[in-house]
Amino acid sequence: MGRIRQVLTSQVFFDVAVTLPDGKRRQVLGEIPDVAVYVEFDPTAADAARLAVYLPMTAATTEDAARDGQLHGLEWLASTTHPHGYFASSGFTRIGENRWSTEGMLTLKDKSAQTQLIFSLSEV
């Protein structure tokens, strides 16, 4: 794979464990489609890589209407008042064959946290 400098559309899958009112834990799977990704990457200079991800939170879905109503509510995404999320990082670390890791800042609902992202890239 050579140098990549590209804006592309992707999707993000999420897997969250939630605790129900009865105390039981349940796994919730979902996705955010139409994610805009800017990547600048040369495998020979991975420490200089840059990644910016624009997350359209209003598009997040678990494919369950009742659960999605809660997902977009104030307790979770608050997507009406915070329709976008962002992730930005610089520098990638190889963790396997075509597998990479980066540390960056994830911003959701105007709150930011340092987050690790593990991903794979293929030539586009």
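Does D110 count as buried or exposed, and at what relative accessibility? At 65% relative accessibility, D110 counts as exposed, where exposed means over 50% relative accessible area, buried means under 20%, and partly exposed lies in between, with a 1.4 Å probe and protein chains only.

This is a predicted model, in which local features need pLDDT of at least 70 and side-chain atom pairs count only at pLDDT 80 or more, while totals for chains, interfaces and linings use all residues. Residues are numbered from 1 along each chain as its sequence is written, and side-chain values use heavy atoms, with hydrogens and water left out.

**Overall layout and confidence**

The chain contains one helix and seven strands, which follow the pattern β-β-β-α-β-β-β-β along the sequence; helices (H or I, at least four residues) and strands (E, at least two) are DSSP runs, numbered from the N terminus. Its C-alpha atoms fill a box of roughly 50 × 30 × 25 Å along the principal axes, and of the 124 residues, 32% count as buried. The average pLDDT, the predictor's confidence in each residue from 0 to 100, is 89 for the chain, and 94% of the residues score at least 70. Among the elements, strand β1 (residues 4-19) has the lowest mean pLDDT, at 81, whereas β4 has the highest, at 96.

**Strand pairing**

Two strands pair if DSSP finds at least two bridges between them.

| Strands | Direction | Bridges |
|---|---|---|
| β2 (residues 25-41) and β3 (residues 50-56) | antiparallel | five |
| β3 and β4 (residues 84-90) | antiparallel | seven |

**The nonpolar core**

A nonpolar core is a set of buried Ala, Val, Leu, Ile, Met, Phe, Trp, Tyr and Cys residues joined through side-chain atoms within 4.5 Å. The largest one has 20 residues, of which I32, F41, L51, V53 and F92 touch the most other members. Strands β2 and β3 each supply at least two residues of this core, and β2 gives the most, with five residues. Leaving aside neighbours within four places in sequence, L51 is in contact (heavy atoms within 4.5 Å) with several residues, including V37, Y38, F87, F92 and L117.

**The largest pocket**

The largest pocket has a volume of about 1200 Å³. On a 1 Å grid over the protein atoms alone, a pocket is an open set of points where a 1.4 Å probe fits, with protein on both sides within 12 Å along at least five of seven lines, and lining residues have an atom within 4 Å of a point. Of the 43 residues that line the largest pocket, V12, F13, F14, I32 and L55 are the closest to its centre. Two or more lining residues come from each of β1, β2, β3, α1, β6 and β7, and β1 gives the most, with ten residues.

**Two residues with positive phi**

A78, although not a glycine, has a positive phi of about 50 degrees; A78 is found in the loop between α1 (65-71) and β4 and counts as buried, at 4% relative accessibility. D110 is likewise not a glycine and has a positive phi of about 60 degrees. The place of D110 is in the loop between β6 (99-108) and β7 (111-120).

Methods:
Grid points are joined across faces, edges and corners, and a volume is the space filled by probe spheres set on the points.
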